[in-house]
Structures are given as structure tokens and as C-alpha cells.
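Here is a short report on a protein model with its ligands. Keep the sequence and the 3D view open while reading.

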Amino acid sequence: MKEITKICCIGAGYVGGPTMSVIAKKCPHIQVTVVDINADRIAQWNETDLDKLPIYEPGLKEIVAATRNKNLFFSTEVDKAIDEADVIFISVNTPTKTYGKGKGQAADLKFIELCARNIAKVATTDKIVVEKSTLPVRTAGAIKNILDNTGNGVNFEILSNPEFLAEGTAIQDLLHADRVLIGGDETPTGQKAKDLLSQVYENWLPKERILQTNVWSSELSKLVANAFLAQRVSSINSISALCEKTDANVEEVARAIGYDSRIGSKFLSSSVGFGGSCFQKDILNLVYISQSLGLQEVADYWEQVIIMNDYQKRRFADNIISTLYNTVSGKKIVFFGWAFKKDTNDTRESAAIYVADALLEERAELSIFDPQVKEQTIFRDLDYLNTRTPEENKNLVTVVDNPMDQVENAHAIAVLTEWDEFKTYDWQEIYDKMLKPAFIFDGRRLLDKAQMEEIGFNYYRIGQV
Ligand code: UDX
Ligand code: UDX
């Protein structure tokens with residue numbers, strides 16, 4: 001193989017979809033086929049109406065419009081795409097195990113194994129197989145083993161090329177990546193594979209931002225990057241609790257420490273807690289690996305990041321309950337936002353789910369609004385917790401299209417996602433419609449405190465009295 005001309009990506013999700021779209025856009029000479037076993041998802045990716053793509057990411061639909069059916073294809077023909085490709089990205093989900101050994105902590109690798117077995121079965125020419133999914137350290141070894149032992153005698157090189165994009169800014173993160181990490185075997189064929197994949201990214205990124213490592217460093221770096229980022233959020237959130245007991249303001253503290261160039265100013269926004277598909281899962285993974293290797297202190301250290309995050313979500317819900325005179329039963333509370341952050345329709349591990357669950361346990365009546373999240377997703381998230389029956393959730397929760405209609409007679413508003421549009425609402429009108437005293441619990445420090453208090457709201461925000 002002199003250069004890569006055909007790429008296949010298994011998994012048309014939040015990672016595979018945007019990543020392959022950007023590769024197709026920046027490499028017109030490469031044919032990119034994204035496959036998925038979920039036919040509905042593929043149909044959505046092929047929708048003529050670009051507002052119906054399965055994921056919402058600013059800038060994505062424009063790139064799909066420019067490349068789809070030119071050099072970017074979405075298909076359910078998994079085997080055909082695998083056989084034709086020089087490179088196969090594996091970008092399937094790796095959820096936390098819900099059964100057996102490692103339950104609640106370890107990553108479930110069954111989809112990865114299925115992919116490896118399938119590649120082994122159908123590949124008739126040499127392939128580079130790239131792990132895009134975040135995986136426990138040493139998974140590449142398992143994949144290599146399956147491929148080498150069940151294959152048709154062709155050569156497989158396994159690379160780890162973890163994704164660092166953040167949802168909501170995925171396209172910009174891909175176009176202007178801080179770095180691309182490529183891990184592979186330190187053998188001549190391993191080096192060749194790393195160089196071939198580097199060349200793909202060199203179509204739009206400077207060479208010095210493409211880092212090559214051994215495969216284990218690459219796999220571990222992905223977990224560690226997410227663990228460090230999550231740790232910063234938990235660290236500042238722990239301080240937010242302290243600020244609320246003193247006269248300190250968490251934003252001022254964050255600014256003061258962020259000016260120290262050794263600390264840096266990014267990722268210090270206190271919130272109701274981090275969510276998303278990666279942070280918790282990756283830390284649990286790190287904890288599980290550390291424990292399995294007998295490093296209990298290391299495991300305990302990282303687990304504390306999650307304990308602090310759970311505490312933050314619970315603390316926010318408890319504060320709503322205690323402020324509303326220790327009872328929310330039958331009270332209408334309107335949620336502004338359900339997604340785990342703004343500019344995405346992804347709700348996985350969103351703090352909103354857990355805050356809602358705690359309030360529903362107290363029999364609150366919730367009206368939920370999110371500009372991008374569908375009703376069925378919200379009920380799926382709540383039903384998945386199994387705290388109460390789907391019928392009970394239906395009785396207590398209403399999902400609405402227009403928040404303005406819902407604030408009528410509400411006792412409180414809880415801001416769970418930092419959507420920009422919330423700032424532009426007519427808050428005077430909202431106040432007029434609500435029951436008095438009217439409460440706002442701002443889990444994102446989104447609204448203007450002085451303005452809200454002037455209107456007459458009892459306004460609480462994380463990290464500040
Ligand atoms: C996933 C992982 O969660 C993350 O750890 C990793 O870094 C990248 O892949 P994401 O793209 O957000 O992230 O997952 P998801 O949106 O669930 O997409 C995965 C897709 O893979 C789904 O569409 C699913 O149908 C598909 N899939 C899964 C297959 O095509 N084949 C399988 O065997 C399993
Ligand atoms: C993260 C990593 O940033 C990315 O590099 C990796 O590839 C996948 O995991 P993502 O989960 O999409 O990306 O979003 P991110 O912007 O990291 O936010 C994660 C969560 O932390 C969100 O719930 C966000 O609201 C929260 N957060 C982030 C804070 O509460 N405060 C902050 O200062 C930053």
C-alpha cells in the first residue's frame with residue numbers, strides 16, 4: 001500500500017459520523033464509507049433534509065452536503081465496505097458493562113470483538129485496523145489476536161487513533177485539532193501503517209501536531225486526557241460547594257487561579273456536574289484497570305472524581321428541595337435544558353437526568369424543554385434508570401416544545417444546559433407567569449444574577465451565595 005485511498009468506518013455515531021465527514025471533506029481523493037448495523041441510523045445519515053441527520057453538531061450538515069455521495073457514503077453493507085477498504089476505523093460504542101465481571105466499571109468490548117471477528121472473516125487483502133473507540137489499555141492486543149487467528153492469512157496492522165473531539169464543537173475540533181495521536185507497533189510494518197495514517201491527517205494539519213507513540217501509550221493517553229479534564233471540573237465543583245458556604249464566588253476563584261499559566265483558564269466552569277458518554281466511562285475504566293493491576297490507591301484517587309460529580313448533582317437537587325420549603329411534591333418545576341452540554345442533542349450521562357430523578361422521587365411535576373432533544377429520548381433516559389415505571393414517569397413528566405407556555409404557574413425553573421438562547425428569553429414575562437415567590441436554580445451560571453434579582457426572582461446559582 002503506497003497511500004490510503006479507501007476508508008471504511010464501522011459505527012455511524014457521534015464520533016464516526018463527524019470524523020469521517022471531515023476526513024472526506026479534507027481528502028477528496030479518499031473514498032470514505034461509514035457503515036452501521038443500525039439501518040435507521042444510516043437512513044437518517046442519508047436524509048435529503050439535512051436537518052434530520054441523526055446527530056446535531058454545528059457545521060456538520062454543511063460538510064455532509066458538500067461530500068455525501070461524492071466521496072462520503074453511508075451504508076449498511078458492512079462486509080462490502082470492509083473488504084474494499086485499505087483502512088478500517090472501528091468507532092462502535094463501548095458502554096460500561098452492566099453484567100458479570102467488571103460490572104459497573106469495565107468497558108463492554110463485545111461490539112469491538114464482533115467487529116474484529118467480522119473483519120477477519122471478510123478481509124481478503126491486507127488492512128490497517130484503527131481503534132477509534134476509547135478502549136481499555138491493551139485492547140489492541142486482543143483485536144490483533146482475533147484477527148491473526150481467524151483471518152484469511154492477510155496481514156493486519158492495528159493502530160490506536162483516539163478521538164479528542166468534544167461534542168458541540170466537534171467539527172472545529174477536528175478541523176483545528178490540537179494534536180492527533182497515532183499509536184502502533186514499533187516494527188517496520190507498524191511504522192509504515194502509522195505513517196500512512198499520518199499522511200491522511202497531514203492533508204489539513206501541520207505535521208508537528210501528529211504524534212506517534214506505541215500502541216499502549218496511545219490507548220492510555222486517551223483515558224488519561226479525559227480523566228484530567230473531568231478532574232478539573234470536579235475540582236472546581238468541589239470549590240463551588242465551599243464558595244456557597246462562604247462569601248467567595250467560584251467564578252472569581254476560577255479566574256484568579258486560571259491566570260496562573262501553570263494552571264490555565266480552560267475547563268474551570270463550575271456546573272451541575274459533567275456528563276457525556278466519555279468522562280465517567282473512561283474514569284471507571286481507569287479505576288477498573290488500576291484495581292485489576294493491584295493499584296488500589298491509584299484507583300481510589302481517580303474514583304473520587306466521580307464521587308465528587310455525583311455529589312454535585314445530588315447537592316443541586318437537594319438544594320431545590322430544601323429551598324422550596326422541603327417539599328416539591330405536586331410542584332411544577334420547569335427544566336431548561338436536558339442535553340449534557342449546549343450545541344448537542346446528546347444526553348448520555350447528562351446531569352439533568354439525575355437531578356430529574358431525585359426530584360421525581362419527591363413527586364415533583366417536571367416540565368422539560370430542550371431545543372434539540374426529542375421527547376422520546378428524555379423518556380428513554382428516565383425509564384433506563386428503572387427508578388420507577390415508565391407509566392409513573394409519564395404521569396410526572398411533560399416534555400414541551402415551547403418553554404414560554406410551560407412557565408405558567410411554575411414554582412421554579414432549573415437551568416440544566418447552557419443553551420445560548422435561554423439568555424435571550426423575556427425573563428420579565430416568565431416571572432409574571434410564575435407563582436410567587438418565583439425561583440430560578442441556575443446549574444450553569446448562565447443568567448445575569450443582578451438582572452434576575454431586579455426582576456424579582458429568587459435566584460440561586462452554583463458556587464455563589
Ligand atoms: C463511541 C464510544 O462511545 C466512544 O467511546 C468511542 O470513543 C467512539 O465510539 P459514539 O460515536 O458517541 O462513541 O457512539 P454511538 O453514537 O453510540 O455510535 C456507535 C455506533 O456504532 C452506533 O450507531 C451503533 O449502531 C454502531 N455499531 C455498534 C455498529 O455498527 N456495529 C456494532 O457491532 C456495534
Ligand atoms: C470530552 C473531551 O473533552 C473530548 O476531548 C473527548 O474526546 C470526549 O470527551 P465531551 O464529553 O464531548 O468531550 O464534552 P466536554 O466539552 O469535554 O464536556 C464534558 C462535560 O463537562 C459536559 O457536561 C460539560 O458541561 C462539563 N464541563 C466542561 C463543565 O461542567 N465545566 C467545564 O469547565 C467544562
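## Strand β4 and its partners

Strand β4 and strand β5 (residues 127-131) run parallel and are joined by 4 bridges. Helices (H or I, at least four residues) and strands (E, at least two) are DSSP runs, numbered from the N terminus. Two strands pair if DSSP finds at least two bridges between them. In β5, I128 is the bridge partner of V87. From β4 the chain passes through helix α5 (residues 110-122) to β5, and this β-α-β crossover is right-handed. Right-handed is meant as follows: with the strands pointing away from the viewer, the path from the first strand over the helix to the second runs clockwise.

The model is predicted; local features need pLDDT of at least 70, side-chain atom pairs count only at pLDDT 80 or more, and totals for chains, interfaces and linings use all residues. Residues are numbered from 1 along each chain as its sequence is written, chains are lettered from A and ligands numbered from 1 in the order in which they are written, and side-chain values use heavy atoms, with hydrogens and water left out.

Strand β1 (residues 6-10) also runs parallel to β4, again with 4 bridges. Here C9 stands opposite F89 of β4. Which residues of β4 (residues 87-90) point which way? V87 and F89 point one way, I88 and I90 the other, and all are buried. Buried means under 20% relative accessible area, exposed over 50%, and partly exposed in between (1.4 Å probe, protein chains only).

## Around β4 and α5

S91 sits in the loop between β4 and α5. Its relative accessible area is 10%, so S91 is buried. The S91 side chain reaches the backbone nitrogen of G16 at 3.3 Å. Such a polar contact is a pair of N or O atoms within 3.5 Å; within protein, one must be able to donate a hydrogen and the other to accept it, and residues adjacent in sequence count only if both atoms are side-chain atoms.

E113 belongs to helix α5. With a relative accessible area of 36%, E113 is partly exposed. E113 and L366 are 253 residues apart in sequence and 41 Å apart in space, C-alpha to C-alpha.

## Ligand 1

Around ligand 1 there are 19 residues, of which V15, D36, R41, K281 and R348 come nearest. A residue joins this shell if one of its heavy atoms lies within 4 Å of the ligand. By class, the shell divides into 6 nonpolar, 8 polar and 5 charged residues. Ala, Val, Leu, Ile, Met, Phe, Trp, Tyr, Cys and Pro count as nonpolar, Asp, Glu, Lys and Arg as charged, and the others, Gly among them, as polar.

Now the polar contacts. An N or O atom in the R348 side chain is 2.7 Å from an oxygen atom of ligand 1. A backbone N or O atom of Y14 lies 3.0 Å from a ligand 1 oxygen atom. For a polar backbone atom of V92, the distance to an oxygen atom of ligand 1 is 3.3 Å. Taken alone, ligand 1 exposes 690 Å², and the protein buries 92% of that. Accessible areas come from the Shrake-Rupley method with a 1.4 Å probe; for residues, only the protein chains shown count as cover.

## Ligand 2

How many residues surround ligand 2? There are 20, and the closest are F164, E167, S271, K341 and R444. The shell has 11 nonpolar, 4 polar and 5 charged residues. Helix α9 (residues 215-245) gives the largest share, 4 residues.

The R444 side chain places an N or O atom 2.7 Å from an oxygen atom of ligand 2. A backbone N or O atom of G275 lies 2.9 Å from a ligand 2 oxygen atom. A polar backbone atom of E163 is 3.0 Å from an oxygen atom of ligand 2. Taken alone, ligand 2 exposes 660 Å², of which the protein buries 90%.

Strand β12 (residues 412-415) runs parallel to β13, with 4 bridges. A414 has F441 of β13 as its bridge partner. The chain goes from β12 through helix α17 (residues 427-433) to β13 in a right-handed β-α-β crossover. Strand β14 (residues 458-461) also pairs with β13 in the parallel sense, over 4 bridges. There, F441 stands opposite Y460 of β14. The β-α-β crossover from β13 through α18 to β14 is right-handed.

L446 lies in the loop between β13 (439-442) and α18 (449-455). L446 counts as buried because its relative accessibility is 13%. L446 and T417 are 29 residues apart in sequence and 8.7 Å apart in space, C-alpha to C-alpha.
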